[in-house]
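Colleague: I have the model open and a few things to ask. Can we go through it bit by bit?

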Amino acid sequence: MIDPSSTPVYLDYNATAPIKPKVIDAMAEAMAAVGNPSSVHGPGRNARRMITKARGQVAALVGASPDAVIFTSGGTEANNQALASAPPLVSSIEHPSVLALADADQTVPVNTDGIIDTQTLQHSLDKYRPAAFAAMLANNETGVVQPVRALADIAQTAGVRLHVDAVQAAGKIVVDFPELGADTLSLSAHKLGGPQGVGALVLREGAELAALLRGGAQERRFRAGTENVAGIVGFGVAAALTLEDAEFERRVGALRDRLEAGVMTLAPDAWIVGVRAPRLPNTTCLVLPGISHDTQLIHFDLAGIAVSAGSACSSGKVGPSPVLAAMGVPVDAAACAIRISLGWNSQESDVDRFLSACQGLLARRRHRQSA
Ligand code: PLP
């Protein structure tokens, strides 16, 4: 018999969600079929049909028209394509793939709840007259959700294009592209149970955008290169499964609440970053005072539990989190913050394993403090 305490617990869905079995099946089938979607023969047309179906599925996920969807290699590429033509104005808590495109002084601050300051936004739009403003729908570290519709109204009045990074929001809360009022929106398959290396840029009708990759007519000339057919098929199936899982927010939100309540009982001095703001149902950015995030990560890892520090960069190194700094979280508290992110396959037993490991960590802290 398998000892349940020895099975790994995955609580890092915001980094990448486990791929759904039906997605793997659909991708395997797509990979077994030969055919370049640009070829006019039968196998080519079959590959084209698969892409067309997936385009409809991804469009449906965000209430957009299939024509609005351009497949990319992921959220990073979608953000780059939306914003690379001229330095955008960006919020100070954006993902690095957005922040890297902005001039250092052209960021709009957030308040201590992690919400974009609309007054400064208005002022900065007037001052810089940027081509575009970028605001994420939900933050990857804290889960804080922005009032994007209100931001869209401000951007529209100023005549500035709005780009919304919905990579973390999609699959966790309803994302309605027309309702948000954005000109462009980015998505990534691997955050919602699809494969890594595929995403989409969704375009408002008439939105003007240059191609990043040129030299082919694929994706209506917005993105040259033979399509990643199996990846796109997997993305489509993951999008369709997401829409079918109408209970996600309630189910995962209840697990998240159980986890947060459990931690607060064990450690009344713990706190949750962004707790007063609207948040994704799956994300907790937890500060356990006096225990560095390195110590926490190692402790949980040894217990077979995968969580992350807020800002693990692509090198795997954990640095100070610019998101927490932007929210005014004191440096010593930010150094004790970890991110726990749940998802489609999370169970009560995962939360309970986390709480039990947390108890061990806190016992060590008490022991240290009393020594
Ligand atoms: N935007 C946000 C908010 C993210 O969290 C991520 C990935 O962590 C990305 C963009 C990049 O997406 P991808 O990994 O598909 O390049």
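Modeller: Start with arginine 129, which lies in the loop between helix 5 (118–128) and strand 5 (132–136). Helices (H or I, at least four residues) and strands (E, at least two) are DSSP runs, numbered from the N terminus. This is a predicted model, where local features need pLDDT of at least 70, side-chain atom pairs count only at pLDDT 80 or more, and totals for chains, interfaces and linings use all residues. Residues are numbered from 1 along each chain as its sequence is written, and side-chain values use heavy atoms, with hydrogens and water left out.

Colleague: What is the phi of arginine 129?

Modeller: Arginine 129 has a positive phi of about 45°, although it is not a glycine. Most residues other than glycine have a negative phi.

Colleague: And what about the phi of arginine 220?

Modeller: Arginine 220 is not a glycine either, and its phi is positive, about 50°. Arginine 220 sits in the loop between strand 8 (199–203) and helix 8.

Colleague: Helix 8, then. At what angle do the axes of helix 1 and helix 8 cross?

Modeller: Roughly 150°, with the axes of helix 1 (residues 21–32) and helix 8 (residues 229–244) coming within 8 Å. Axes are lines fitted to C-alpha atoms, for helices over the stretch in contact, and angles run from 0 to 180 degrees between N-to-C directions.

Colleague: Which residues in helix 1 and helix 8 meet?

Modeller: Lys22, Val23, Ala26, Met27, Ala30 and Met31 in helix 1 meet a set in helix 8 that includes Ala230, Val233, Val237 and Leu241; contact means heavy atoms within 4.5 Å.

Colleague: Different topic. Is serine 321 buried or exposed?

Modeller: Serine 321 is buried, at a relative accessible area of 9% (buried is under 20%, exposed over 50%, partly exposed in between, with a 1.4 Å probe and protein chains only). Serine 321 is in the loop between strand 12 (308–309) and helix 11 (322–326).

Colleague: Last one: how do helix 9 and helix 13 pack?

Modeller: Helix 9 (residues 248–266) and helix 13 (residues 348–370) pack at about 20°, with axes 10 Å apart. Helix 9 and helix 13 are therefore roughly parallel to each other.

Note on methods: Parallel < 35°, antiparallel > 145°, perpendicular 65-115°, else oblique.
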